[in-house]
Amino acid sequence: MCGTELVETDLSEGILTLTFNRPEKRNALNLAMYAALAAGIRKGDDDDVVRVIMLTGSDDCFTSGNDLSDFLAAPPTGLDSPVMQFLLALSQARKPIVAAVKGAAVGVGVTMLLHCELVYAGSGATFQMPFVDLGLCPEAGSTLLLPRLMGHQRAAELLLLGETFDAEKAREVGIVNAVYPDAYLLSAARAKALQLAAQPAAAVRLAKSLLKREYADRLQETIAEEGAQFVARLKSPEAAEALQAFMQRRKPDFSRFA
Ligand code: COA
């Protein structure tokens with residue numbers, strides 16, 4: 001384990017753990033982190049020693065999502081951008097992925113969970129998908145996966161209003177498998193990951209791919225279409241106002257845009 005990395009990697013007992021490690025920015029994912037995550041997931045998927053990939057963050061924050069200054073300074077341009085490489089690696093991984101969420105999960109911090117097999121949250125975790133609030137559009141295949149998981153109305157509520165919701169609601173709508181007291185979250189999630197790692201690996205991979213068979217192709221198409229729309233929305237006046245407002249720590253004003 002290297003403690004100075006923005007994404008820490010640890011491989012033990014067949015579990016490759018990738019830990020977001022940029023706590024001073026609430027683990028906001030920058031280009032280097034997306035690239036490290038994409039490479040980590042791909043490497044884990046190809047390494048026979050790895051049986052489970054685990055994603056987690058810091059004690060007080062899972063991740064605040066995409067680095068908002070990067071949206072202005074280094075916006076994604078296409079399928080070869082680090083964020084798209086991360087989404088492709090995540091959505092195409094053959095091995096099971098487990099997530100342990102403590103603190104805030106925002107934006108892609110929530111939508112990445114839709115690609116995991118097992119998601120555990122601490123009781124104090126919070127969730128928010130403020131894509132529309134930012135003048136952007138949902139990403140990571142969430143416009144396909146969320147309604148599939150919880151129905152149109154509940155998905156629309158979470159995406160269009162962009163409100164923060166708690167761990168119990170995340171469990172109720174199906175994003176989270178189980179909620180544990182914050183103090184036990186990591187050990188509980190690891191115990192489940194170990195249980196999964198002890199299962200016959202080829203059978204686990206086959207079951208995962210069969211579970212996704214019905215929508216696997218549509219998922220890749222959706223990620224690409226959302227990605228193209230997202231890139232276009234970054235140039236919209238609504239997004240410009242929202243991002244400037246975040247930097248200036250003020251409320252955005254969308255009233256002048258039709
Ligand atoms: N991108 C870039 N910087 C971010 C960030 C993000 N997504 N989220 C937080 N930060 C930075 C803040 O600008 C601040 O930096 P500073 O100390 O240099 O001023 C620092 O991280 C701490 O953030 P702060 O808002 O003070 O922390 P908090 O604990 O009060 O709130 C969040 C945590 C996650 C609820 C809040 O930071 C937030 O809502 N962030 C934006 C999330 C977002 O919109 N993500 C994009 C979704 S598409």
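A polar contact here is a pair of N or O atoms within 3.5 Å, where one must be able to donate a hydrogen and the other to accept it. Keep that in mind for the lysine I start with. The model is predicted.

Lys-102 sits in the loop between strand S5, 97-101, and strand S6, 104-106. Is Lys-102 buried or exposed? Its relative accessibility is 14%, and the cut-off for buried is under 20%, so Lys-102 counts as buried. The side chain of Lys-102 reaches the backbone oxygen of Asp-182 at 3.4 Å. Leaving out residues up to four places away in sequence, Lys-102 touches Ser-58, Asp-59, Asp-60, Cys-61 and Phe-62, and also Asp-182 and Leu-185.

Now two helix pairs. The axes of H1, residues 31-46, and H3, residues 82-92, come within 8 Å and cross at roughly 25 degrees. Angles under 35 degrees count as roughly parallel, so that is what H1 is to H3. The crossing of H1 past H3 is left-handed. On the H1 side, the residues in contact include Leu-31, Tyr-34 and Ile-41; on the H3 side, they include Val-83, Phe-86 and Leu-90. By class, this contact has 12 nonpolar, two polar and two charged residues.

The second pair is H5, residues 142-150, and H6, residues 152-161. Their axes come within 7 Å and cross at roughly 130 degrees, and the two helices are therefore oblique to each other. H5 passes H6 in a right-handed crossing. H5 contributes Leu-146, Pro-147 and Met-150, while H6 contributes His-152, Arg-154, Ala-155, Leu-158 and Leu-159. Six of these residues are nonpolar, one is polar and one is charged.

How values were computed: Residues are numbered from 1 along each chain as its sequence is written. This is a predicted model: local features need pLDDT of at least 70, side-chain atom pairs count only at pLDDT 80 or more; totals for chains, interfaces and linings use all residues. Side-chain values use heavy atoms; hydrogens and water are left out. Axes are lines fitted to C-alpha atoms, for helices over the stretch in contact, and angles run from 0 to 180 degrees between N-to-C directions. Helices (H or I, at least four residues) and strands (E, at least two) are DSSP runs, numbered from the N terminus. Angles under 35 degrees count as roughly parallel, over 145 as roughly antiparallel, 65 to 115 as roughly perpendicular and the rest as oblique. A crossing is left-handed if the near helix is turned anticlockwise from the far one by less than a right angle, and right-handed if clockwise. Contact means heavy atoms within 4.5 Å. Ala, Val, Leu, Ile, Met, Phe, Trp, Tyr, Cys and Pro count as nonpolar, Asp, Glu, Lys and Arg as charged, and the others, Gly among them, as polar. Buried means under 20% relative accessible area, exposed over 50%, partly exposed in between (1.4 Å probe, protein chains only).
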